[in-house]
Amino acid sequence: MVIARKVDTDRLPAAVTRPAALLGLSFIWVAYIAFGLAALAGMLQGMVRGGIIELPSWTNYYQILTAHGVLMALIFTTFFIVGFLLTGVARTTGGSLHSTALGWGWAGWILMVVGTLMAVVTILMNEASVLYTFYAPLKASPYFYIGAALLVVGSWFAGFAVFASYHKWKKENKGKISPLFVFMSVTTFVMWIIATLPVAVEVIFQLIPWSLGISPTINIMLSRTLFWFFGHPLVYFWLMPAYIAWYVCVPRIIGGHVFSDSLSRLAFICLLLFSIPVGFHHQLMEPGISAGWKMIHVTLTLIVVIPSLMTAFSMFAIFETTGRKKGGIGLFGWLKKMPWTDVRFFAPFVGMLFFIPGGAGGIINASNQINAVVHNTIWVTGHFHITVGAAVALTFFGVSFWLIPVLTGRTLTRTANRMGMVQTVFWAVGMFLMSFAMHTMGLQGAPRRTDYTTYMDHPTALGWMDYQRMMAFGGGLLFVSAILLILILLYLTFYAPKGYMEYPIGETEKEQYVPRLLERWPVWIGLVAFLIVMAYGYPIMEQIQHQAPGSPPFKTW
């Protein structure tokens with residue numbers, strides 16, 4: 001296995017120019033600073049809920065729960081995704097970002113960092129212990145909501161940087177189909193900007209005036225509907241960059257080829273169309289939304305299974321064809337030919353395996369009758385962790401092991417690779433133990449979002465305690481893995497030997513026909529708009545015209 005090679009780097013063009021690399025690194029390292037703090041908060045959270053430790057008087061469970069959710073689910077993921085996609089777009093459009101794209105990118109970074117600092121400071125001051133969903137009528141400091149708005153707007157600026165690079169490439173390559181990585185990045189940001197518009201409306205026109213005392217009450221149903229308009233596409237904003245790594249980068253790492261360019265693009269178009277008008281499946285237990293509208297959203301949610309199955313088919317087709325070309329024989333002989341000792345492949349592959357039960361759990365959560373059993377139990381938290389915390393996070397880790405050396409002009413050494421394998425195993429085992437305990441307790445009725453309690457020594461609650469401790473042990477393993485990961489990435493950033501590291505971009509084995517319709521953005525954005533109006537137009541109009549009495553703010557901490 002050759003991970004990197006020492007060569008005369010003066011004779012080789014960098015995969016990404018220094019300005020683009022610096023921009024990407026700036027996003028990625030803010031992501032991992034947030035990740036480290038979130039990992040600490042998550043470990044403490046698990047220890048408290050398992051009854052192993054008690055927090056000091058100057059903090060509380062819901063404060064660290066909010067810190068963990070915001071830092072991990074919003075800040076780590078958003079910053080990493082932006083850094084990864086910007087560098088990948090630079091790599092596949094000539095190695096650089098032009099001045100306009102760099103300007104948008106740095107403007108986005110500044111806004112996102114300012115917004116992050118505002119949100120984190122309010123959480124540390126215990127003025128925003130409202131969880132990452134910031135559900136009304138719990139009220140945070142207005143600075144928390146302003147920070148969240150700046151984070152979202154900054155991410156739009158990063159999207160504009162991707163669009164600017166795409167526009168420039170199309171202008172210079174008239175009549176050509178864009179590189180697959182660029183197409184997928186554009187699709188991801190189109191989806192993200194559309195999905196975040198409603199939560200921006202919620203924050204700017206509902207939450208900020210309400211938190212400032214300008215509006216005495218808030219329409220809770222409308223605020224939650226606007227949040228979940230954004231909340232489920234948020235999951236696909238995490239997942240689509242992981243899919244990009246699977247579709248485009250992993251084939252090159254294993255010495256194979258992209259299975260089908262057009263199928264890959266079609267899967268992303270399906271994600272764009274069907275990941276947004278599905279939010280009511282998060283509100284199946286909410287009053288004020290008719291069963292008919294909930295049924296439409298459940299149906300559209302289940303349709304999202306199709307691009308996921310397309311992805312699974314594509315990936316295992318790549319693995320099998322590559323393994324057989326390398327001499328694999330028999331039904332599963334190709335598996336032996338995969339580079340199992342290369343963490344760049346191993347970490348994303350383990351993430352893919354986690355996504356299988358994660359996807360099955362998602363079907364359960366979106367099914368009306370079964371959702372009634374697991375709704376608001378810790379089952380939902382377990383599902384969330386094996387999809388985002390395992391499938392997405394492990395893929396991001398695997399990408400980081402090669403992306404940071406590419407951007408710093410260093411190499412992934414054999415020692416760093418072996419330590420990455422250890423880190424991946426620790427993360428996978430810790431996540432398995434924690435999520436298994438969460439799913440099991442959820443089926444037994446254990447609620448989510450609760451501090452340590454035995455419910456006055458009720459036998460049912462006491463029966464959960466062994467699983468609570470298993471969850472805490474898994475969280476401890478995850479924290480150890482997180483520290484190891486950060487140490488490895490620090491080494492790869494500052495201390496690894498200088499050398500050439502490939503930015504792996506896979507290609508099809510031979511030129512393939514790609515329908516030009518797949519890049520007709522007015523068609524797809526128009527269809528998204530139609531689906532949104534169909535799924536949300538009438539229900540939102542009803543929630544505005546026939547709203548229940550508004551709620552004043554509550555602060556329960």
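Student: Which helix gives the most to the nonpolar patch?

Tutor: Helix H13, residues 414-443, gives the most, with four residues. Helices here are DSSP runs of H or I with at least four residues, numbered from the N terminus. This is a predicted model, in which local features need pLDDT of at least 70, side-chain atom pairs count only at pLDDT 80 or more, and totals for chains, interfaces and linings use all residues. Residues are numbered from 1 along each chain as its sequence is written, and side-chain values use heavy atoms, with hydrogens and water left out.

Student: What makes up the nonpolar patch on the surface?

Tutor: Val422, Val425, Phe426, Val429 and Val480 form the patch, with about 350 Å² of accessible area together. A patch takes residues with over 30% relative accessible area and no salt bridge; nonpolar side chains (Val, Leu, Ile, Met, Phe, Trp, Tyr) are joined within 5 Å, and like charges within 9 Å. Areas come from the Shrake-Rupley method with a 1.4 Å probe, and for residues only the protein chains shown count as cover.

Student: Why is phenylalanine 426 called partly exposed?

Tutor: Buried means under 20% relative accessible area, exposed means over 50%, and partly exposed is in between, with a 1.4 Å probe and protein chains only. Phenylalanine 426 has 33%, so the residue is partly exposed. Its place is in helix H13.

Student: How do you know that the span of helix H1 agrees with its number of residues?

Tutor: The expected span is 1.5 Å times one less than the number of residues. For the 32 residues of H1 (residues 18-49) that gives 46 Å, and the end C-alpha atoms are 46 Å apart, so the two agree. H1 is mostly covered, with 25 of its 32 residues buried.

Student: What makes lysine 555 and glutamate 127 a salt bridge?

Tutor: A salt bridge needs a side-chain nitrogen of Lys or Arg within 4 Å of a carboxyl oxygen of Asp or Glu. For lysine 555 and glutamate 127 the N to O distance is 3.3 Å, which meets the rule. The pair links distant parts of the chain, 428 residues apart: lysine 555 is in the segment after helix H16 (521-545), and glutamate 127 is in the loop between helix H3 (99-124) and helix H4 (142-172).

Student: How is aspartate 466 classed, buried or exposed?

Tutor: Aspartate 466 has a relative accessible area of 57%, so the residue is exposed. Its salt-bridge partner is arginine 469, at 3.4 Å from N to O. Arginine 469, at 43%, counts as partly exposed. Both residues lie in helix H15, three residues apart, about one turn of the helix.

Note on methods: Helix = DSSP H or I, 4+ residues; strand = E, 2+ residues; numbered from the N terminus.
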